[in-house]
Each structure stands twice: as structure tokens, then as C-alpha cells.
There are 2 protein chains.
Amino acid sequence: MNPTVDLLCAHRSIRRFTDEPIPDEHVRTAVAAGQMASTSSAVQAYCCIRVRDPESRAQLAELAGPQEKVARAPAFFLICGDTRRHRLICDRAGQTYDQKLEAFLVSVIDASLFAQNMVVAFESMGYGICYIGGIRNNLPAVKRILEIPEGVYPLFGLCVGKPAETPVRRPRLPIDAVLFEERYCDDDAVTSIDAYDAQYRDYLASRGAEPRSWSESIAHRMTHASRLNLGDFYRSQGAVLD
Amino acid sequence: MNPTVDLLCAHRSIRRFTDEPIPDEHVRTAVAAGQMASTSSAVQAYCCIRVRDPESRAQLAELAGPQEKVARAPAFFLICGDTRRHRLICDRAGQTYDQKLEAFLVSVIDASLFAQNMVVAFESMGYGICYIGGIRNNLPAVKRILEIPEGVYPLFGLCVGKPAETPVRRPRLPIDAVLFEERYCDDDAVTSIDAYDAQYRDYLASRGAEPRSWSESIAHRMTHASRLNLGDFYRSQGAVLD
């Protein structure tokens, strides 16, 4: 179609990186591109923290899995929803910050749009990336290690570096499973994915992972609640989830 | 830097569109590019609904503001977090879907990464876009109009079309306000934005809007809670927010 669409469609998460360092200039280019993503009414409710210190990286790698790549990737960022500046501005104006779930939701959406633009920018410069949801395993520890204050909501990590592997494409659901016309339609939401289930099993086998269908993976995952204390943590950071 | 970074940095939200229709092939290319964004453990917790029906579009435009562009843009999509397929898969397996805030959060992040890739793909094909948070003004009505079932969380809309305007760039916060090293630092979070406040006031004036600094805009917005029933709505759709 065009080089940018080709780039987006060529995405694979990269879990092994070369040791080649990332020039600060490339990091700043990617973050600046992230900032140009849309943001709800320009609130820019996000930030990212680049962590270089080996001891912090080792602690984050441990609590995220352990996931060795969090310690070893040439760059690691923590991406946060951030309402702190908004709160400080209200304080300075002698007014009371007063928000509900909307503000938390906006911070999660804003931070995700920002991060995805960063990712596309990094990939366009020849880097590979992997999002790290595992930092949500232990957010109180993340808060302590990176000195996260009230109003800031750590959401996920991001590993970046030059790829040292060329993984095969992880197959996605058929497009008509996620693109509806006029109204929501799940008439064949489950029955239509038999072919995808088989594709997904083959994909896992090709990676040397336990071959399971996508449905089996989902049923396993969704019948076991995980990360049980997220609500308490984000509330303790000042989020209102109602 | 490179054409993709240039494209990301050239983003402006587009609010007026030509009447030129968007070929279905371009929509499918953008959605397929969206699907290649990272997704937490491949759960793909999102969907989008393309709304063409003029009556539905008029109703959505009304509740979103009113915002005429929601009725008139060549294409309008509703972007949703989607856990419905996961629930149906658990049902089929005779097991109980059991998730907490983590699943809602993953659906919001997944849907946002998906949408931002769609946006970058559309922009690379010469289209302009505008995210529509205004659909959160009245989610029960959105649910009724588009027949949104349990397990699906409408998050925002997306207008797409060929631009009929060339807006100036909306200035963003200084990069060092959102990129931290090693730990969170807000030592000069508020005082460092005086220059940005002036820039932002000039930007609003250049658009013919009421000239306010960014701090004034934020203080005004953040001291008035909005969209007060989001928590109730998402819970009624089956989300657990704890």
C-alpha cells in the first residue's frame, strides 16, 4: 500500500535485542512523535520514565515475570497515565481538582496513543519493541523503585532495541471479527474462529510453545482473574474509578 | 528523520472534510494495520463499528456535542474495548469468565493501540482524522443506537475523511515535561510551563478561539467533574473496576 502501512503490518514484538545502544536523539525523536498523537482536549495526561540504572532494571525485570529483556533491552521505558500536573495546576490556582472515572480513562487512552506513536517511530528507525504488561504484577514496587507520586498511574513498560531475532507474524483474528457495519454483531463470534484457532495453534508450535488454539488460550486466561489489586493501587494514587 | 516520523509529527486533528468517499479497501487496510498493533497476550480486546446510516450518525452527532462532523465525516467509527468474545468462549467451554480491573484496563489499552495504528494508516493514505471523546457524554444512548451487548465498552469515536482545512499545529508540552530519567520528577512541573502557556494562548487566538493559557484551560476543566456515570455504565456492561 505505502511504506508506513507496510511498516505497521510488519510489526512483531521483539524479545531479544543486540547490545547496540540507542542514541538519545532517537529517543527524543520517538517521544516527540508520541507527543503529536491526539490527546483529549490537549490534556496530555501521560509521561514516560526512561530507566537506565541496572539495579532498578533488575528489580523491574524480576517483578515483571521475571522477564530478562526488561533488564537487558538497550532501552526500557515505563509509560504512565499522568494527572499530576493537572492537580498541581489546580493547587496553584487555589482550586480543587475534582474528577471521576473519565479522567482515569482519558489518562489511559492518552498514554496508549502516545506510546503507540513512540513505537511506530522507533520501528521506523529500525528498532524493535515489546510492551511489558508484567509491570502491573506489582505496582506498589514499581511506585517505590521509580518514586511515582500521587496522580500518576503506571500502565505498562516498553523495551526497545535493535532486533536480535526475526520472529514469525503472530496471526490476528479475521478482520470481520473486529470490524462491524452499522451495529454490533456477534452472530458467529465464536463459531467463525475455528480456522483462526488452527492457525494460532500452528503459530505457537512454530515458536516451540505449547500448541493451543486461541480459544483454549483465552478460556484458560479469562477464567482466572489476575492482578487482583489494581483497583486498590490506582485508587491509592488518587484515581476515582466510579 | 524519515517519512513515517515526518507523518507522525505532521498530525493535526481534522474537523472539516471534503465529501470524497473512502473506498472500503482503504478502510480494510487501516483496520488490518490496526490489528497488527501489539495486544496483551494476543487477547485482541477491541472492535470497531463503522456507522453509515444517516439517522444513527445524526443521533450520535447530537449526543456527542452536538458535533456536526460526526454526522458529516465520510467515515465514522465507534471504537470499543471488547471482552464479549472472551466471555462467549468461556461459556462454550462451560467455564466462568472471571476478571477484574485488569481485563477492563487491557481492553482500553488494546483498543487504543489498535485505533492509533488505524489513524496512522489512514493519515499515511492522505486522510485526516478526529477522535471523538464526546460519545462518552451519553453511553446508554450509544449502546441503544448501535446495539452494544454486555462485555463491550464503547470508548471513543473516530471521524475520517479527506481534509477540507489545514489547521496549524497545536503546541505540545516541552519534551522534558513528559520524558523523565530514572525516576519521576516534578520539581518544576508547574513553573516550567510558563513559556508553553504563552504558546498555547497564541495558538488558541490563531484559531479564533478564546485565548487562554494551557494552565487556565486545565484548571477550568479539572475542577469540574464530567461524564459522571461512566463507572455505572461500564459496570452495567459487565466490567469490574476493582
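## A buried residue in chain A

A:Ile79 is buried, because 25 other C-beta atoms lie within 10 Å; a residue counts as buried if 20 or more other C-beta atoms, placed from the backbone, lie within 10 Å of its own. This is a predicted model, in which local features need pLDDT of at least 70, side-chain atom pairs count only at pLDDT 80 or more, and totals for chains, interfaces and linings use all residues. Residues are numbered from 1 along each chain as its sequence is written, while chains are lettered from A and ligands numbered from 1 in the order in which they are written.

A:Ile79 belongs to strand S2 (residues 75-82) of chain A. Helices (H or I, at least four residues) and strands (E, at least two) are DSSP runs, numbered from the N terminus. The C-alpha atoms of A:Ile79 and A:Cys48 are separated by 4.5 Å, although these residues are 31 residues apart along the chain. Beyond its neighbours within four places in sequence, A:Ile79 is in contact with residues including A:Tyr46, A:Cys48, A:Ala111 and A:Leu158; contact requires C-beta atoms, placed from the backbone, within 7 Å.

## The nonpolar core

The largest nonpolar core has 167 residues, of which A:Leu78, A:Ile79, A:Leu158, B:Leu78, B:Ile79 and B:Leu158 touch the most other members. Such a core is a set of buried Ala, Val, Leu, Ile, Met, Phe, Trp, Tyr and Cys residues joined through C-beta atoms within 7 Å. In soluble globular proteins, nonpolar side chains tend to be buried together.

## Two helices in chain A

The axes of helix H3 (residues 54-63) of chain A and helix H7 (residues 139-146) of chain A come within 10 Å and cross at roughly 175°. H3(A) is therefore roughly antiparallel to H7(A), a term for angles over 145 degrees. Axes are lines fitted to C-alpha atoms, for helices over the stretch in contact, and angles run from 0 to 180 degrees between N-to-C directions.

A:Ser56, A:Gln59, A:Leu60 and A:Leu63 of H3(A) make the contact with A:Ala141, A:Val142 and A:Ile145 of H7(A). By class, this contact has five nonpolar, two polar and no charged residues. Ala, Val, Leu, Ile, Met, Phe, Trp, Tyr, Cys and Pro count as nonpolar, Asp, Glu, Lys and Arg as charged, and the others, Gly among them, as polar.

## Where the chains meet

The contact between the chains takes 99 residues from chain A and 98 residues from chain B. Helix H6 (residues 101-124) of chain B gives the most to chain B's side, with twelve residues.

Definitions and conventions:
Contact = placed C-beta atoms within 7 Å. Parallel < 35°, antiparallel > 145°, perpendicular 65-115°, else oblique. Buried ≥ 20, exposed ≤ 12 C-beta atoms within 10 Å, placed from the backbone.
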